[in-house]
Amino acid sequence: MIRFLTSGESHGKALAAIIDGFPSNLELDIDYINSHLKRRMMGYGRGGRMKIETDEAEFLSGVRFGKTLGSPITIMIENRDWKNWTGKMASGKTEDQTEVEKISVPRPGHADLVGTQKYAFDDIRNSIERSSARETAARVAACSIARKFLEEFGIKVGSFVESIGGIYPVDSFSRKLFENDLPQDFDAWKLSALSDKSEVRVLEEEQEEKIKSKIQTVKKNGDTLGGTFYAVATGVPQGLGSFVHYDRKLSAEISHSIMSINAIKAMEIGDGFRSAEVFGSEFHDEITLQENGFSRKTNRAGGIEGGVSTGLPIIVRAAMKPIATLMSPIGTVDLATLREIQARRERSDFTAVPACAVIAESMLAWSIAKFFLEKFGGDSIQETKENFMNFKNRDFKRTTDNFSR
Ligand code: EPS
């Protein structure tokens, strides 16, 4: 079983991740991880922090001469902003601690108040630091290993932004995904390559311009925007996950991963919400026979039936709420004076939907890798490959042999 933990505060010295359970001999270099960290930092509408950070990962353990050892992998990412925060984020009992201004005004929509109530803090800064989406840099680094692992089996993960601030594309690409109306050579990387070209990671130029101008207005007004995006995985074999238990359903595993991302308020798999409105005959994907296996005419199920992958692309859509830090703040209560006042202003992003889509790709890769390794196992990548090929070569025959014709 693979697992990972992250640690680190937003303005602390560094972020770290410990990743455990990947087989040995997986080729892994730091540039690969850094390339995904870079994608997470992009996006029109980010705040001043992104000018300070140029995230670079470093291996502290688990990798030797460019290959995994099978032992826990530790990755560290330094916070370049730390040098500006050493006093305010000191771990020792420093004498000037009393001079550090304590925050007593919680921002609505952030973890400020709930965190302060929960952990009995006397300074909201203590909540802000770990609840910040800065933590997702460590996740993207950790999940890059899952991504690289999946690549070995032809599984590709990508994403695109569907909307920001309610501005949707004219031509919905998601319909093409659901109707299986895709070019023969379609894969998730091609989708990401297209969206990565856009500063807001959308697929339409005209939509990009409209979104950028809305972000500019929002900046002027001291407001923020959320949005929706898709994360897609192609090349996933049939048979990952199971219907036998709630925690073995691939859909449940993926939902957990996506809903764990900061500021995500909703998600669906395939054409999930629309499924509630249409006839069964309009929704369910007809089964077809292909040369060496089964397929589906359409993919409204988003690649998962009964908690098990069907072999078609896995399609996830999620909604991110607007950033909770507002330059034109809304009402809150000062915990020190118990007066109702306006929330604090704090440096932040105006929108982070493009980055969030990259984080969702990463978490999707993690969930798929987790269930893939559960099915195929292996202590070394060679062993995993043997197990996988054995399954793949016999997949169709195994099913059909059981039926007499
Ligand atoms: C964040 C606030 C901003 C963001 C940060 C998430 O940081 P700061 O408070 O330092 O200006 O830039 O995101 C990142 C640092 C990052 O790497 O994504 C928040 O409050 O969640």
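This is a predicted model: local features need pLDDT of at least 70, side-chain atom pairs count only at pLDDT 80 or more; totals for chains, interfaces and linings use all residues.

Student: All right. Which residues does L364 contact, leaving aside its neighbours within four places in sequence?

Tutor: With those neighbours set aside, L364 is in contact with V157, A231, V232, A233, I254, I314 and V316.

Student: And where is L364 placed?

Tutor: L364 belongs to helix α12, which covers residues 353-376.

Student: Is L364 buried or exposed?

Tutor: L364 has a relative accessible area of 0%, and therefore it is buried; the term buried applies under 20%.

Student: How far apart are L364 and V316?

Tutor: In sequence, 48 residues separate L364 and V316. In space, their C-alpha atoms are 8.6 Å apart.

Student: Now the ligand, please. Which residues surround it?

Tutor: The ligand is surrounded by H11, R40, R46, R49, M50, H110, S132, A133, R134, R347, S348 and D349.

Student: How many of the shell residues are nonpolar, polar and charged?

Tutor: The shell around the ligand has two nonpolar, four polar and six charged residues.

Student: What is the distance from R40 to the ligand's oxygen atom?

Tutor: A polar side-chain atom of R40 lies 2.5 Å from an oxygen atom of the ligand. For R134, a side-chain N or O atom is 2.7 Å from a ligand oxygen atom, and for S132 the corresponding distance is 3.4 Å.

Student: How much of the ligand does the protein bury?

Tutor: The protein buries 93% of the 470 Å² that the ligand exposes when taken alone.

How values were computed:
Residues are numbered from 1 along each chain as its sequence is written. Side-chain values use heavy atoms; hydrogens and water are left out. Helices (H or I, at least four residues) and strands (E, at least two) are DSSP runs, numbered from the N terminus. Buried means under 20% relative accessible area, exposed over 50%, partly exposed in between (1.4 Å probe, protein chains only). Contact means heavy atoms within 4.5 Å. A residue is near a molecule or strand if one of its heavy atoms lies within 4 Å of it. A polar contact is a pair of N or O atoms within 3.5 Å; within protein, one must be able to donate a hydrogen and the other to accept it, and residues adjacent in sequence count only if both atoms are side-chain atoms. Accessible areas come from the Shrake-Rupley method with a 1.4 Å probe; for residues, only the protein chains shown count as cover. Ala, Val, Leu, Ile, Met, Phe, Trp, Tyr, Cys and Pro count as nonpolar, Asp, Glu, Lys and Arg as charged, and the others, Gly among them, as polar.
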